Amino acid sequence: MRREVLTAALALTLLVLPNADVVGAVDGPSTVRLPAESVFPEGVAVDERTGWFYVTSNHNGSVVRGDVRTGAVRPFLPAGGDGRTSALGAEVDWTGTLWVAGGATEKVFAHDARTGALKAVYTTRAGSLPNDVVVTPGGEVFVTDSFQPVLWRIPAGAASGPAQPWLDLTGSPIRYVPGYNLNGIVLAPDGDSLLVDQTETGDLWRIGLADRRVTRVDLGGFRLPGGDGMVLRDRTLFVAQPLGDLVAEVRLARDGTRGSITGRLADPGVRFPTTVAPAGDRLLVVNSQFDRRNQGLPPDTPFTVSVIALR
């Protein structure tokens, strides 16, 4: 997830995207309006068991909850509550826990997805930016850090305390550069590795869970410039690309070592999208409008989540 507009040089690299089909919005209502608490929204997570979705605020740490069936959205976690002054990537696991990467707070928060009660808080280190989270079938939580070259891990069932620096990326193929680095994170289709994107470089990386080996995913010479939040549906990876106001569609090999950019999901309502989440046969796309904030321009309100049909 992003807080600033990328450099003009990176913006130009959007031109490396291959020709691809554009998928339009669903028929009927295609936008969810967010309540006033959701200022400069950032992350989104869907609880498939309950039909609720959650949208985080980078600006104040609030979280709102909505119904994927009706689009009705209400406040859920208040701004600044439990020390959550910023909230970025989010995920709901099968235990009903809502995991929230705390960004500038340098923390990761675990809440009850039904009641909102705080279950645990995990700390990283000074200068970190916990950006996105993924939960494995075994209950381990992995967290990207956009500012520090480390991948964090929270063991299944761990009580509040420091997150584990599971992988030091210093000396790995991933070279941290000025700006935003590791960002979105998902499990690869085979479940044996993690896939993470690097915002400033446009690279997609595979990290083995057993051997912690880091390799660049072969996208046939193409990249995902400005890549932000991601979600995997079967073997298709959807990657938010704020600079292009689009979501890239990447078809992956089962082991996640290679893939091809097969499409783009676009909609006139998409405004600097920071992440995505599947809701049945549709995709929820968060419209952050960070570009307007970073240019000193007022946002268009209310903030929204776009709903785009999947093929």
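Let me begin with accessibility: buried means under 20% relative accessible area, exposed means over 50%, and partly exposed lies in between, with a 1.4 Å probe and protein chains only. The model before you is predicted, so local features need pLDDT of at least 70 and side-chain atom pairs count only at pLDDT 80 or more, while totals for chains, interfaces and linings use all residues. Residues are numbered from 1 along each chain as its sequence is written, and side-chain values use heavy atoms, with hydrogens and water left out.

My subject is salt bridges, each defined as a side-chain nitrogen of Lys or Arg within 4 Å of a carboxyl oxygen of Asp or Glu. Seven of them are found in a search of the whole structure.

I turn to arginine 271, which pairs with aspartate 300 at a closest N to O separation of 3.1 Å. Arginine 271 sits in the loop between strand E23 (259-265) and strand E24 (273-279), and aspartate 300 in the loop between helix H2 (290-294) and strand E26 (304-309), so the pair ties together parts 29 residues apart in sequence. Helices (H or I, at least four residues) and strands (E, at least two) are DSSP runs, numbered from the N terminus. Arginine 271 is partly exposed at 28%, and aspartate 300 is likewise partly exposed, at 38%.

In a further pair, aspartate 47 and arginine 49 have their closest N and O atoms 3.2 Å apart. Aspartate 47 is buried at 4%, whereas arginine 49 is exposed at 52%.

Finally, a network of salt bridges links Asp203, Arg216 and Arg223.
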